[in-house]
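Please keep the sequence and the 3D view open while reading.

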Amino acid sequence: MAVLPSQRLLILACSATKRDGPATMLAIERYDGPLWRTLRAVDPHGEKAQVAFLSAHLGFRAAATPIAMYDAEMTRQMAAAMKAGNLGTRTPRPETQDQIEEVGQHPGMHIHRLCGYHGRQTFRDVALVGGHLYRDVMRHLVELFRIGGYVAGDARITEINGPIGLMRRDLSLWIEGDGGEKG
């Protein structure tokens, strides 16, 4: 049984490389690391999966979220703080008041949007892409998403990590796949 694109969730780690441009841009356009470029090349119209990101600065958000430029790297302390929360735990407010993007958002509101406000579908195929600390937080979030009914209990979970060339290949293969059945 094929999994519909609307039932596939890709969670990518943010990117240190970002595009210059307007004060805010959609995250999928702002992030410009190799994995984000691969995503845009393989799925230029965003038709093969719902896409979200995990950021040390912004937390879990839909890739269609407008974001400003920032520079933050995930630390063990940040990862632990994110894992201590739940779907309603809001991203900590920044130290400065001149932030453009909304602060105080939480993973629950973004996963709810990704599933659709009405007639929500459950994700059946999920890919977690990023370094160790990011994937650790992503695993925690996926478990919360399962408890909340956003990810099926038997959903296929794929983790992508390693040398960047292999990650790009594996990301392309996952995006191009139909999701298959859980193995």
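**Aromatic cluster and overall picture**

Y31, W36, F53 and Y70 make up one aromatic cluster. The model is predicted: local features need pLDDT of at least 70, side-chain atom pairs count only at pLDDT 80 or more, and totals for chains, interfaces and linings use all residues. Residues are numbered from 1 along each chain as its sequence is written, and side-chain values use heavy atoms, with hydrogens and water left out.

**Fold**

- The chain has six helices and seven strands, where helices (H or I, at least four residues) and strands (E, at least two) are DSSP runs numbered from the N terminus.
- Along the sequence, the order of elements is β-β-α-α-β-β-β-α-α-β-α-β-α.
- Of the 183 residues, 46% count as buried; buried means under 20% relative accessible area, exposed over 50% and partly exposed in between, with a 1.4 Å probe and protein chains only.

**Aromatic rings**

- Four aromatic pairs are found in the structure. Rings of Phe, Tyr and Trp (its six-membered ring) pair if their centres lie within 6.5 Å; planes under 30 degrees apart count as stacked, over 60 as edge-to-face and the rest as tilted.
- One of the pairs is Y31 with W36, which is tilted, at 5.0 Å centre to centre and 45 degrees between the planes.
- Y31 and W36 are both buried.
- K18 lies over the face of Y70, a member of the cluster, at 4.5 Å from the ring centre. A charge sits over a ring if NZ of Lys or CZ of Arg is within 6 Å of the ring centre and within 35 degrees of the ring normal.

- R8 belongs to strand β1 (residues 8-13).
- R8 counts as buried because its relative accessibility is 1%.
- The charged end of R8 sits over the ring of W174, 3.9 Å from the centre of that ring.
- The R8 side chain also reaches two backbone oxygens: that of I175 at 3.2 Å and that of G177 at 3.1 Å.
- These are polar contacts, meaning a pair of N or O atoms within 3.5 Å; within protein, one must be able to donate a hydrogen and the other to accept it, and residues adjacent in sequence count only if both atoms are side-chain atoms.

- β1 and β3 pair in the parallel sense over five bridges; two strands pair if DSSP finds at least two bridges between them.
- I11 has A52 in β3 as its bridge partner.
- Strand β3 (residues 50-55) is mostly covered, with five of its six residues buried.
- β3 is joined to strand β4 (residues 59-62) by four bridges, and the two run antiparallel.
- In β4, F60 is the bridge partner of L54.
- The hairpin from β3 to β4 passes through three residues.

**Strands β6 and β7, and helix α5**

- Strand β6 (residues 123-129) and strand β7 (residues 151-160) run parallel and share six bridges.
- From β6 the chain crosses through helix α5 (residues 132-147) to β7, in a right-handed β-α-β crossover. Right-handed means that, with the strands pointing away from the viewer, the path from the first strand over the helix to the second runs clockwise.
- α5 has 16 residues and reaches 23 Å from its first C-alpha to its last, close to the 22 Å expected at 1.5 Å a residue. The expected span is 1.5 Å times one less than the number of residues.
- Buried residues of α5 include Y134, V137, M138, L141 and F145.
- After α5 comes G149, with a positive phi near 85 degrees.
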